[in-house]
Structure formats: C-alpha cells, structure tokens
Amino acid sequence: MNSETNKTSAGAVPRGQANREQASHKFDGRRLLALVHKESLQAIRDPSTILIAFVLPVVLLFLFAYAVSLDVREVRIGVVLESDTASAQSLAAAFAGTRYLKVTPVRDRREVTDLVVSGKLRGFVVIPQDFERRLASFVAQPLVQVITDGSQPNTANFVANYAQGVVQTWGAGRRASAPPAPIRLEPRYWFNAELESRRALVPGAIAIVMTIIGTMLTALVVAREWERGTMEAIMSTPASVAEILIGKLLPYFILGMLATLASAALAIFVFDVPLRGSLLSLLTLSAVFLIPALGQGLLISAVTKNQFLASQVALFSGFLPSFLLSGFLFEIDAMPTAIQAITYLIPARYFVASLQTVFLAGDVWAVFLPNVAAMMAIGGFFFVIAKHKTRKNLEF
Amino acid sequence: MSAHTASDTTGERGKDTPAVVIDSVAKHFAEVHALRGFSAEIRYGRLTGLVGPDGAGKTTLMRIMTGLLVPNGGSVTLAGLDVVKDNDAIHIVSGYMPQRFGLYEDLSVMENMRLYAQLRGMNADQHTDIFESLLEFTRLGPFTKRLAGKLSGGMKQKLGLACALMARPEVLLLDEPGVGVDPVSRQDLWRMVQELTDEGMAVVWSTAYLDEAERCESVLLLNEGKLEFDGPPQELTDRIKQRSFRLTGVSDERRAVLSRALDLGTVGDGVIQGDAVRVVLRDGAGREEIDALADEAGAKLEPVQPRFEDAFIDLLGGGPGGTSALADRMDVVELDSDIAVSCKNLTKRFGDFTATDSVSFEVSRGEIFGLLGPNGAGKSTTFKMLCGLLKPTEGEAHVVGHDLRRATGAAKSQLGYMAQKFSLYGLLTVRQNLEFSAGVYGLEGAVKRERIDEMIETFDLKQYLTTSPDSLPLGFKQRLALACSLMHRPPVLFLDEPTSGVDPITRREFWTHINGLARKGVTVMVTTHFMDEAEYCDRVALMYRAKLIALDTPDALKHTSRSDKHPDPTMEDAFIHLVESADMEDEARADARAAA
C-alpha cells in the first residue's frame, strides 16, 4: 500500500480503526444529522415543497373561510302575490323582512317560473287569490304554496322549511295581538354562538393541510428517492434503515408543525376564530396527528416506490378520507352506519374533533385523550408495516 | 463477524488473496433467471471487468456483491465477509456506484460529498485533506458549488466515484460507469481506476462495451446469466489468433463483399471498418474460401490483431449470415434528386440555450450517414428537426425534396423512424403493433395485409404474433421495431441509437439489414454511441457543443488523429482528438479575446 505517499490520489484517505468501528454502529446520531441536513436542503430548494407547505394552506384556509359556507343567507326567492288583501300584503312583507331570504315580489307566477328554471331564483311562494278565505276557514288547509328548486336539495329544504317558518311566525304574530303565548322559546347555541360555519371549518381545514404535508408530501419525497435511484446509493452506505427513514421524516415533521403554527395564526388573527384552549395543547395534538400522517405517507411510498402512484394513493387514502369522512365538512352523525364505522379508521377524524374542541371549547382533556390514543395507535400500526416493508436491500 | 476482522486481514493480504469469492451464485426474479449458478474470484490490486450485453446479469451480480440483493443459491464473500450474514459490514468495506446516477441532483458537488463522508462515519470538517485530494483526483475542484444535476454526464460519474471512494473502501464496485460518458471523460475514469488498483484496491467495472473489456486486467464474461469466460481478456483473444483478417481496397463494394463473406461457411463473423471489411474465420476453417472471395473482388487480404468482440462472438458460435431477407424484398429506391436529406444553417434555440448551432450538410441517396457526439452535443435535437419532430428556430431542412417547415406531413410520409429502445406498444400484441404502424402510415386493404404478411415472413415473426413485444427475445424485438418503421417502404430511414442495450449478435443482424437496405438505395441516418458502429457509415458528422466540428468518412477522420503514439487510431481515438482540438481552438479564441 502506497496510499500515504501518493498525495494526489484518493489513497490519502486514512483508514482509521475508529472510523470503521463508528461506521458499524446500528444507529449513529451523526449519520442521522447528515441525512436530516440533506433532506432540509432539498426541501428548501424544491419550490414545490414551499408551495405545498405554506402557500397551499393559505389558499385552503381562505377557501374554507370565505368560499365554502354551510350557512344559508339571502337565498333568492320570489313571492307571488295573487291576493291584494291587507293580511296577504302583511305576509308578503314578513317574507321581505327576513335576512335569510331575498325576495323578488311579483304578481303573476309565470314571471317567476322562468327565473327558477334559469337558476336565478331558488324557489317561490304563492299567496293565492283565496288567501283570505283559507285564512278564515277552520279546516286545516295550506295557506300558501311553496315551490323550490330540487336540483339543490339542501337549499330547497331550507327554503321550504323557512317559508313554513315565516308563515307560522306570521300567524303567531296575528294571534299574539290577542293573548300572549304561555311559553317562549329562546335557543342558545354553545361554542359557536353566531352559528358561523367558518368557526368550525377553519380549525378542520388545519387537519386537511396537515394531511397534505404529512401524507402526500412525505409519500412523494420518499418515492422520489426510489424513482431516481438515490435510495440504492444510500443503501450501499453504512446508514441503517431507521436512520434513513427518520432522516426523511424529521424535516417534514418540523415543516408540518411550522405549517400548523402559520395556519393557526391565520385562523386566529385573520378569520377571527377564537382559540379557547392553549397553544401548547394545539401543538401537542398536531404533533400526535403527524404520527399517523407521516406513517401513512411512508407506508405508501415504501409500497409503491413510484411518485405518480404514490400521489394517487395518497390522494385516495389520505386526502379524500380526511376531507369527506373526518367530520370536517360532513357531520359523522348524519352518515350511514357502515360509513360511520369506516370513519373510526381515519386519523383525521380524531384530529378534527380535537381541533374543533381546542379552538371553540378549550382544553378538554377528556376529549383529547381518547383521540390522542386513537391517533397514536393508527400511527404505530402504519410505522410497523412501513418498517417491515422497507428492508435494507432492493428485494421486493 | 464484524468489521474488525476485515480490516485486520487487509494488512497482510497479498495480490493473490481473493477480494470477492463467488460460489455457485444463482438468482432469479419470478420466472427470469438472472444468474444461473457460477463461481469465480475477484482479486485485489486488479481491475476486473464484468462484461456482457444488457440482460446478461451484470447488475444483479453487482447488487449481490454489495449486499442489496440476496442470492437464491450459492454464496458471495467480499473482503472475507458474507454478503448476506455480514450485510452491515459489507457496506463499510465496499464502495458502490450504481448504474443510475445515485446522487442528489439538487445538492451541490460539495454537499453530496459531505453527505457521503458523514454517512461513512467521517467528520467532514476534520478531513479537508481528503476532500482536497478527492477533488484533485476527480478534477472537480472548480465545480464544488455547482448542483450535481447541472454537471455533464462525465462529471456526474466522477462525482459518483468520489462519493464511492469516501472512507476508502477495499472493494470498489462500479456498475457501467462508462455509459453516457463521452470518450474524453471515460479516459479520465480509466486513469483514476488505474491509480486505485495500483494502490491495491480491488475494482470491478461492469460494462456492455466489449472494447472496454480489453482494458481490464481480468474479465468475467457473462451471457444470459452464465459465465462464459474468466481470465485475462488477452487469453480469450488469443483463441482466435490468426483467424482475423482485413479485406482492403474494396471501398465501393465493401457492403456487397461483407454480405458475401458472411454467407461463406468458413466465416463466423464480419464487420465493416471504414473502407475495409473485417472478418473472423470459424475455428478450424481454412482460408481458401475467403482468399477466393478476395481475389474475385480485387481486394487485399491481410491478417490483423483479433479484438475482444471478435472472440466473444466466436465464443457464442458466430454471428448471423450476410443476406438480409428484408432488403431482398425491397424495390430499389429511385429519387428525383441524388440528395435525399439536406439541411442548411439549421439552428435550434431553447430560450438562451442553443442546442444546434448553424448545422449544414447533404446526404445522398443510399448513403449511411452517422451523427456522433457526446451527450448534450445536440445530435438528438438535430435528428429530431430532420424528422420533423422539432421546429427549427432558423435555417431549413429538406427530406426527399420536401421542405420540413412547410410540408412536414409530406416529408414524414417519406421517412421511417425507429426510436431509441424500440418504442413498441407493450399492451398490444405483435400483430397489433404491425397493424397499428401500417395504419398510421396510411396503408389500407389489400396492400396493408400484403405488407404485414411480408414482414411476418421476412422477420420470422409468425410464432410470436399473439404475444406482447415486451416478452419477445431482444433480437425479435428489434426485428419488429424495424418492421414497423419500414412498413410504408420509406426511401429514408432514421435510426436513433438503434443498438443501445443490444447484444453484439443482434447488432450484427441489425447491420446486415441496414447494409442490405443501403445497397437498395435507402438512405439511412443513424445516431450511435458505439464508436465501432460509426465504421459502418459512409460519412460521419461529429457534433460537439451544438456545432458540427467534423464531417468526413470514418477513415479520413481516423487519419486526422494519426500520430506516433497512435499509428493505427480507432474511431474513439479520432473522437477524442477532434473534441480536444475543438476545445483548444475555443480556448485560443477566448485567450485572443482576453488579450484584445
């Protein structure tokens, strides 16, 4: 060996015993650090990472805060006044007076049918010619006719019920001029007194953002290593599977936490969502949720080893279930029993419930603890399978 | 078993201790047998070539040696460690460079090197001397801040080598390091590997280029998962001593002479080399037949040094015959003009980047015209403009008289195009592929049926009609691709790297067809990275940095690089010479500008 004398060649590398001993360790902090450093550099340099981690959440939160609203307000309807009596006029005025409806008053029902067909109105109420007679009649018969646009079932339901409500309130008001009602109902809504859906949606949206970062981004970046052949080179070094995987996940865990903080700040300061619990519990819950999210991403990439496939699987097994089955947009109680059973397997379900609690109610650990346990269990399951599927060789 | 024993033994090991012991190793993936059970030894201080065509099992063996695959049978020990049982230790004593560039393209040269240093347990800040020596060794010093993705093919390989050399492995495994690397950079790689073996390292260099095998001290020759030869390459070429001949003075008739020579029973293999024809006689065959042929053609027959490729073909029982059933069926191509393809000041820019810079040439009817150049030199871009797949930024191009800017459709109907890797449809059967390409070129009814049947018969595809092209043997896959591109009998044929990844026997058959077609007047445009294949061309255009730097017959190009050091230069020597002198001219011009 003339390695010591040949200075220009690679032979100048010393072959210290210490190097070798250290290199043979199963788990080495410095190797992990090197991998984390590498992954962070890649994440920072890849514009799509920044886009997914910071721009997408802002867009999503704005969408859920402003564009998506489950509240019905100012629904456009027509009121066809076929009778000219004073009581008919006063009922029409009652319709016009509510803030939930926006009324177009007409005289002839033919004028509004076209508007309903073209979608300009969501329905109409006919106050018939014989309104006075119906009102006076003791036989129970409908006072008005309500026509709604069934192509939008939720709105149609709302219009029908609300029109019914207006008529009843109006009727009650007429009678109220006589003896006062014995009981008065005054409903109070807890946690979200104004019943603004935004307050429930924005915390839920954080769960969606975290799913995207945790599951989709992770699945993509690990699959990329397989696809580009860099995994093969890394595997031929002394780095262990645990180091490779943790080195991969740690940067995205931190990225996920940063995105949560940013989303929470946006929610509180821009969208006026109150944070009634503590920031600490919010961060703890998010950290726990990242366990199943990252685990799922890792599992997907370990099985598919292909970016396109990984993104598709992440979309269908991660993003869509969190969107549809977590109770974020659609209430779980309203789902068929079989679907409700499936929601128990979706980690986002537990996270959405926890988020809504921490934002709107406060630190209710009785709610958090079972959710935390469930997320950890699902996450642990994903990690065990992912570790099992990733061996330190190229065998399938 | 741990790393200790490995490093302890290295002190007293001699050149004769085996670095790798392969003991009847076998590996199969589902039904495919990648390695069929063979034994061999690889030694320290020596460059061992793992040679064989694509699909021979080279990469599988490499991955087994580096512990990334587990053999189904037999065992492999590397530096005294079992690759399965001592898997962790294997990664310490071996350095591995995968076939695909395995480094991070979005990290810089230095960042990649630091990562690998740390993964191999070195403190990057303490060992700046190692970095310096590696950078000097690989001549990557000026590029440390450049992102790895922005390096040229050759520089990428050097960086890969530098990373694999971190912490100095005892056995260095390089999987096809020469692929995608221009001859100049390849020269550099050879030099580096030479230095490493001189220091006692065992280096394994896998390659599909048989000319690379000749440079190795010892060779493991694989074919279809079997070990065909184990020993110094010279030993194999010696087997065909006095059986290699060159027929000179046949320049105009060389294709006809080759075709006739290959049809002789005593000739096992033959290729065109510039103006000459090179033949290898079968084992134990006499010279009489070839002598008679030389006399008849008025050629001079002279014995030449055998090459490794000749010996490999001989080992496999010789190449195919010299008659192309395909060309026999073709009618002679008649054109209005003698110029089949021409381009003038052809330029293509992508934004600021000029891929092709003012290229002009003319190709006559029946000519085989080669386009050569390192990766990224602009040959693919030029090629794509000539077949109407890309629109030129400036300049014009004509195919059989049709202006490619205006009459793209008409020009396309006059050319056949065979893309890299064959581009057949794996989800269609062989027959459906034929029908599809006939349909695409507008053949209908009786003509369509006739042509398809003709192709099936010529290429002997009958037994495979209902199978998918993916499951065809390589040779048949190539036949099918050629059949598809010739379905409409085009007067001009474009071949883009037609033989990359193809074994030498299949390549011989391919060139028999191409030679036959050229003799019928079909004009053939071809890009290739096999330097010896450039010898089949009538003329070769050499592209470098978007410019055409040389255009001449293969013999004339070789002649320019003749020197005392290289009295009989190869195409590769010529290539290196021309690229280097282009570089020097550029430098001289830059210096002149700086002086002014």
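What share of the contacts in chain A with a separation of 6 or more comes from residues 24 or more positions apart? In this predicted model, such residues account for 81% of those contacts. Chain A is built with 15 helices and 4 strands. Of its 396 residues, 38% count as buried.

Domain 1 of chain A is made up of two stretches, 31–67 and 196–389, while domain 2 of chain A covers 75–176. Two packed helices are described by the angle between their axes and the distance between the axes. Helix α2 of chain A spans residues 29–45, and helix α10 of chain A spans residues 241–269. Their axes come within 8 Å and cross at roughly 45°, so α2(A) and α10(A) are oblique to each other. The crossing of this pair is right-handed. On the α2(A) side, the residues that meet α10(A) are A:Arg31, A:Leu32, A:Leu35, A:Val36, A:Glu39, A:Ser40 and A:Ala43. Their partners in α10(A) are A:Glu243, A:Ile244, A:Ile246, A:Gly247, A:Lys248, A:Leu250, A:Pro251 and A:Leu255. Sorted by class, this contact holds 9 nonpolar, 2 polar and 4 charged residues.

Helix α10(A) also packs against helix α11 of chain A, which runs over residues 279–304. Here the axes come within 10 Å and cross at roughly 135°; α10(A) and α11(A) are therefore oblique to each other. This crossing, too, is right-handed. From α10(A), the residues in the contact are A:Leu245, A:Leu249, A:Tyr252, A:Phe253, A:Gly256, A:Met257, A:Thr260 and A:Ala264. They meet A:Leu282, A:Leu283, A:Ser286, A:Ala287, A:Leu290, A:Leu294 and A:Leu298 in α11(A). How many charged residues does the contact of α10(A) with α11(A) have? There are none, alongside 12 nonpolar and 3 polar residues.

Chain B is assigned three domains: domain 1 (3–236), domain 2 (240–323) and domain 3 (421–489). Taken over C-alpha atoms, the centres of domain 1 of chain B and domain 3 of chain B are separated by 40 Å.

In chain B, helix α6 covers residues 153–164 and helix α7 covers residues 183–198. The axes of α6(B) and α7(B) come within 9 Å and cross at roughly 20°, which makes the two helices roughly parallel, as the angle is under 35 degrees. The crossing of α6(B) with α7(B) is right-handed. In α6(B), the contact involves B:Gly154, B:Gln157, B:Lys158 and B:Leu161, which meet B:Ser185, B:Asp188, B:Leu189 and B:Met192 in α7(B). The class count for this contact is 3 nonpolar, 3 polar and 2 charged residues.

B:Gln187 counts as partly exposed because it has 14 C-beta neighbours inside 10 Å. B:Gly366 is 179 residues away from B:Gln187 along the chain, and the C-alpha atoms of the two are separated by 35 Å.

How values were computed:
Residues numbered from 1 in each chain as written. Chains lettered and ligands numbered in written order. Predicted model: local features only at pLDDT ≥ 70, side-chain atom pairs only at ≥ 80, totals over all residues. Domains from an automatic or database assignment. Buried ≥ 20, exposed ≤ 12 C-beta atoms within 10 Å, placed from the backbone. Contact = placed C-beta atoms within 7 Å. Axes fitted to C-alpha atoms, helices over the stretch in contact; angles between N-to-C directions. Parallel < 35°, antiparallel > 145°, perpendicular 65-115°, else oblique. Left-handed = near helix turned anticlockwise from the far one by under 90°. Nonpolar A, V, L, I, M, F, W, Y, C, P; charged D, E, K, R; others polar.
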